[in-house]
Amino acid sequence: MATVKQHYDTHLADFYSWMAGDFDLKQKEFQQFLKEHDIVPGSTEVAVDLGAGHGIQSVALAKMGFKVKAIDFNQQLLDELKVNGKELDIEVINDDIRSINRYSDEKPGVVVCWGDTLTHLDDLADVEQLLTNCCEALNIDGKLILSFRDYTQELTADRRFIPVKSDENMILTCVLEYSIDHVRVTDLLHIKRENGWEQKVSSYHKVRIPVSFVRNFLGKNGMVITFEGEINRQTAMIATKSP
């Protein structure tokens with residue numbers, strides 16, 4: 001089974017943009033979310049986007065007036081981000097998101113970890129460490145913006161097979177297999193070729209993160225949750241760093 005980085009480098013990055021959907025629409029949706037919650041540059045204009053991918057959140061943040069540090073470990077997606085974010089104030093950084101402290105000399109006013117990136121870490125201890133790093137990196141009154149899937153409720157039988165997206169040329173199905181602390185995710189892709197359909201398969205682990213775990217951890221680390229809800233079938237949170 002592949003590591004998360006190997007899964008992206010050898011499999012998922014090739015069709016990630018197709019899977020994510022219309023870039024302009026998704027970017028505008030996230031920008032509207034920022035506007036609704038008054039996420040604008042304050043005493044610092046710096047925002048850090050962890051797991052930036054091909055740039056949906058980074059572009060939205062930049063269009064809101066932030067100077068964005070976009071961090072991801074997949075160069076293919078970062079190259080797409082450079083195109084999507086051309087002429088915007090976005091610094092593209094190829095690194096592990098757990099290295100956020102390297103890029104927080106100028107304390108950011110916003111840190112974003114969106115789109116299930118949090119579950120890509122190794123275990124709950126790893127999640128705790130990243131959240132700690134994010135809280136420490138933020139400026140006072142800075143915002144931590146998260147979204148992640150709650151895999152604590154186990155899907156069984158046929159419900160483990162999730163049709164993600166399809167068109168006339170590609171079909172993506174996700175298969176979930178549960179262990180105590182993790183879920184094994186298999187991305188099963190069928191691609192239509194001249195001679196028929198080709199199957200590509202890769203699996204990796206995601207950590208099962210209870211929503212209460214994140215909520216309680218942030219509260220114990222000086223963060224005040226100002227929003228919690230469901231967006232695109234993921235738990236979304238905004239937490240503000242108290243003085």
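Which residues form one aromatic cluster? In this predicted model, the cluster is made up of Phe 30, Phe 33, Trp 114 and Phe 227. Residues are numbered from 1 along each chain as its sequence is written, local features need pLDDT of at least 70, side-chain atom pairs count only at pLDDT 80 or more, and totals for chains, interfaces and linings use all residues. Side-chain values use heavy atoms, with hydrogens and water left out.

Rings of Phe, Tyr and Trp (its six-membered ring) pair if their centres lie within 6.5 Å; planes under 30 degrees apart count as stacked, over 60 as edge-to-face and the rest as tilted.

| Pair | Type | Centre to centre | Angle between planes |
|---|---|---|---|
| Tyr 8 and Tyr 16 | tilted | 6.2 Å | 45° |
| Phe 213 and Phe 217 | stacked | 6.5 Å | 15° |

Phe 213 and Phe 217 both belong to helix 7 (residues 211-220), where they are four residues apart, about one turn of the helix. Helices (H or I, at least four residues) are DSSP runs numbered from the N terminus. Both phenylalanines, Phe 213 and Phe 217, are buried, a term for under 20% relative accessible area with a 1.4 Å probe, protein chains only. Tyr 8 also counts as buried because its relative accessibility is 11%.

Ser 58 lies in helix 4 (residues 56-63) and is buried, with a relative accessible area of 0%. Beyond its neighbours within four places in sequence, Ser 58 is in contact (heavy atoms within 4.5 Å) with Asp 49, Ala 52, Val 68, Ala 70, Leu 81 and Ile 90.

Note on methods: Helix = DSSP H or I, 4+ residues; strand = E, 2+ residues; numbered from the N terminus. Buried < 20%, exposed > 50% of the residue type's maximum accessible area, 1.4 Å probe, protein only.
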